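This briefing is meant for a reader who is meeting the structure for the first time. Please keep the sequence and the model side by side while reading the points that follow.

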Amino acid sequence: MKRFLVIVFFLASAAGLSAAGDLQLEFNRDGYIKVYRGAESGVATGNHGTLLDRDGRIVAAFHVIAVDDAESIARVDFPPGADRNEVMPQVETARLEGLPVRFSPEESQFYFRILNRGKKSGASAGMKGEIYVGNTLAGIFRVVGVEEDYAVAMVTNTAANVDFRHADSGKFQGYVEQVIGGTGFVHLTLKNAVMLLIGLFFIYLGVAKDYEPLLLVPIGFGILIGNIPLPLQLFNSISVYMIDPQTHQYVFNTTTNSVMGLIYFGVRSGLFPPLIFLGIGAMTDFSALLSNPRAVLLGAAAQMGIFITFISALKLGFSPANAAAIGIIGGADGPTAIFLSSKLAPSLIGPIAIAAYSYMAMVPIIQPPIMKLLTSKKERLIRMQPGRKVKKIEKILFPVVGVIVTTLVAPGAIPLLGMLFFGNLLKESGVTTRLAKTASNSLIDIATILLGLAVGASTSAEVFLNNKSILIFVLGVISFGVATACGLLFAKLMNLVSKRKINPLIGAAGVSAVPDSARVVHNLGREEDPDNYLLQHAMGPNVAGVIGSAIAAGVFLGIF
């Protein structure tokens with residue numbers, strides 16, 4: 001087996017060396033059109049036709065150079081001295097061998113001549129190869145037609161960060177080269193390897209450490225998918241990204257032939273986050289908040305981390321819209337962070353989403369040191385009085401009143417808060433049990449799977465590993481830490497002015513990581529006093545934090 005692989009690679013290398021850079025290219029000379037008649041209609045290579053203006057005057061001629069079953073490609077023969085950019089706008093109709101035909105102009109910039117590679121040299125339509133700018137791969141081409149002294153080729157795939165129109169050499173590829181060049185091994189880089197390790201680490205945290213497995217496992221697996229290096233000929237048809245042929249930069253894949261691009265549309269359009277909020281609403285019991293309305297203040301205080309990080313990001317040179325999207329990480333609410341970044345900072349969705357979900361998963365690691373630092377043992381031992389029993393009518397009215405009040409404050413949060421409160425109404429009304437079960441089980445699970453996988457796949461090493469991503473991660477952890485501290489300190493402040501003491505630990509639950517943050521508060525309280533049960537008390541600020549971060553996102557969306 002090893003000998004076979006060695007022979008294959010040797011043959012591929014030998015074939016590549018023998019043809020590398022031996023093709024002479026000529027761009028920006030001809031014009032081309034697509035004729036919507038092919039071999040089935042009797043069209044053949046070499047057929048001639050004319051292009052006419054609206055008055056029926058001939059402005060140019062053409063001849064067919066490539067024929068498919070239903071379509072043909074023709075090269076336009078312009079009059080001597082004529083400029084194709086002036087002639088083509090005049091064309092209204094076309095005739096092929098005297099018969100009218102439908103046609104459309106081709107983007108001629110993608111066509112070029114391969115000199116001295118015509119019929120005499122044995123060139124044939126369908127041959128493939130690569131073009132280079134210096135030693136840098138600029139694109140992949142396919143021969144579409146062959147004249148006597150030259151071949152006509154079309155660039156089918158363009159490389160990133162290099163203008164294929166400046167290509168100065170090229171080479172044909174044999175089948176062996178195409179097969180080997182189509183594997184991921186050939187294109188594997190150190191950056192890809194780093195991201196693959198990060199994906200494995202996320203999966204490890206989810207499976208072995210049970211840190212947010214419902215999030216980290218899909219995201220981690222998505223990172224693996226997104227960082228399997230794709231050959232250029234497959235990139236635009238598989239990846240979340242595509243290479244823009246005009247700017248030669250990576251952009252989100254807006255074509256309809258990329259499966260991952262279609263899945264990522266749910267992230268890019270902001271579709272998945274509201275569906276997740278619907279499920280969260282259908283699962284959440286707001287009794288803890290209704291029985292202790294003061295918890296709203298703690299949830300609001302924790303959102304200070306969002307605005308402090310927003311200001312910090314501005315100071316570091318981020319645009320106001322990007323800074324707002326980064327700041328929302330402090331809410332520790334992944335769906336909200338994704339929703340806002342999809343609207344304000346689409347190019348930063350990947351690092352923002354990964355940062356938000358990473359810190360959500362690491363709540364048990366990040367929060368306890370801050371909680372212990374800012375509270376005394378005496379404060380951590382405070383026992384809180386049980387909340388009052390919440391009536392059924394209160395639970396039903398809360399989502400109705402809540403959606404009206406919160407969305408009047410921040411209309412931009414309607415997609416999130418509207419779905420959150422709608423899901424809660426399905427749960428509490430008692431008459432839509434089937435809908436509530438669907439929202440809280442199947443629907444949220446499907447949305448979570450697709451969102452996690454798509455977000456992970458968007459972390460392609462070529463796009464993700466840069467200085468901005470590092471800054472976002474640093475700002476994210478600062479934001480999360482500040483949010484935790486603000487909730488704790490505000491709880492201590494409330495104790496100074498209130499007769500009914502509250503355990504300051506529950507202030508840390510004001511971030512939106514439901515229910516992990518409340519669980520961390522509960523566990524830390526029991527470390528000091530095994531009989532002190534803080535979970536129900538902490539859930540009040542926790543769910544208030546979900547509402548607060550969504551309102552903050554709505555405010556940012558309204559401003560920017």
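In this predicted model, strand S9 (111-115) gives the lining of the largest cavity its largest share, which comes to three residues. Strand S1 (24-27) is the other element that supplies two or more residues to the lining of the largest cavity.

**Cavities**

- The structure holds two cavities of 30 Å³ or more, and the largest cavity has a volume of about 40 Å³.
- The residues that line the largest cavity are Glu26, Phe27, Asn28, Arg29, Asp30 and Tyr32, together with Ser108, Tyr111, Phe112 and Arg113.
- Sorted by class, the lining of the largest cavity consists of four nonpolar, two polar and four charged residues.
- The second largest cavity has a volume of about 30 Å³, and its lining is made up of Ile280, Thr284, Phe286, Leu420, Val514, Val543 and Val546.
- In the lining of the second largest cavity, six residues are nonpolar, one is polar and none is charged.

**The largest pocket**

- The largest pocket has a volume of about 1,000 Å³, and of the 47 residues that line this pocket, Gly181, His187, Leu230, Pro231 and Leu232 are the closest to its centre.
- The lining of the largest pocket divides by class into 24 nonpolar, 16 polar and seven charged residues.

**The second largest pocket**

- The second largest pocket contains about 860 Å³ of space, and of its 32 lining residues, the closest to the centre are Glu212, Leu214, Val514, Pro515 and Asp516.
- Two or more residues of this lining come from each of helix H5 (213-226), helix H8 (272-283), helix H14 (349-361), helix H19 (433-457), H22 and helix H23 (535-559).
- With five residues, H19 provides the largest share of the lining of the second largest pocket.
- By class, the lining of the second largest pocket comprises 20 nonpolar, five polar and seven charged residues.

**The chain as a whole**

- The secondary structure of the protein chain amounts to 23 helices and 15 strands.
- The radius of gyration of the protein chain is 31 Å, whereas a compact globule of 560 residues would have a value near 24 Å.
- Taken along the principal axes, the C-alpha atoms of the protein chain fill a box of roughly 95 × 65 × 45 Å.
- Of the 560 residues in the protein chain, 53% count as buried, while the chain exposes about 25,600 Å², of which carbon and sulfur atoms supply 63%.
- Among the contacts in the protein chain with a separation of 6 or more, 71% are between residues 24 or more positions apart.

- Apart from neighbours within four places in sequence, Ser517 has contacts with Val363, Gln367, Ala508, Ala509, Val511 and Asn542.
- Ser458 is placed in the loop between H19 and helix H20 (461-464), and this serine is also buried, with a relative accessibility of 1%.
- When neighbours within four places in sequence are left aside, the residues in contact with Ser458 are Val240, Tyr241, Tyr264 and Gly350.

- The phi of Glu212 is near 40°, which is a positive value in a residue other than glycine, and Glu212 counts as buried because its relative accessibility is 17%, under the 20% limit.
- His248 belongs to the loop between strand S14 (241-243) and strand S15 (250-252).
- Although His248 is not a glycine, its phi is positive, at about 65°, and this histidine is buried, with a relative accessible area of 7%.

How values were computed:
Residues numbered from 1 in each chain as written. Predicted model: local features only at pLDDT ≥ 70, side-chain atom pairs only at ≥ 80, totals over all residues. Heavy atoms only, no water. Contact = heavy atoms within 4.5 Å. 1 Å grid on protein atoms, 1.4 Å probe; cavity = no way out; pocket = protein on both sides within 12 Å on 5 of 7 lines; lining within 4 Å. Points joined across faces, edges and corners; volume = space filled by probe spheres on them. Nonpolar A, V, L, I, M, F, W, Y, C, P; charged D, E, K, R; others polar. Helix = DSSP H or I, 4+ residues; strand = E, 2+ residues; numbered from the N terminus. Rg over C-alpha atoms; globule rule 2.2 N^0.38 Å. Buried < 20%, exposed > 50% of the residue type's maximum accessible area, 1.4 Å probe, protein only. Areas by Shrake-Rupley, 256 points an atom, 1.4 Å probe, with all protein chains shown as cover.
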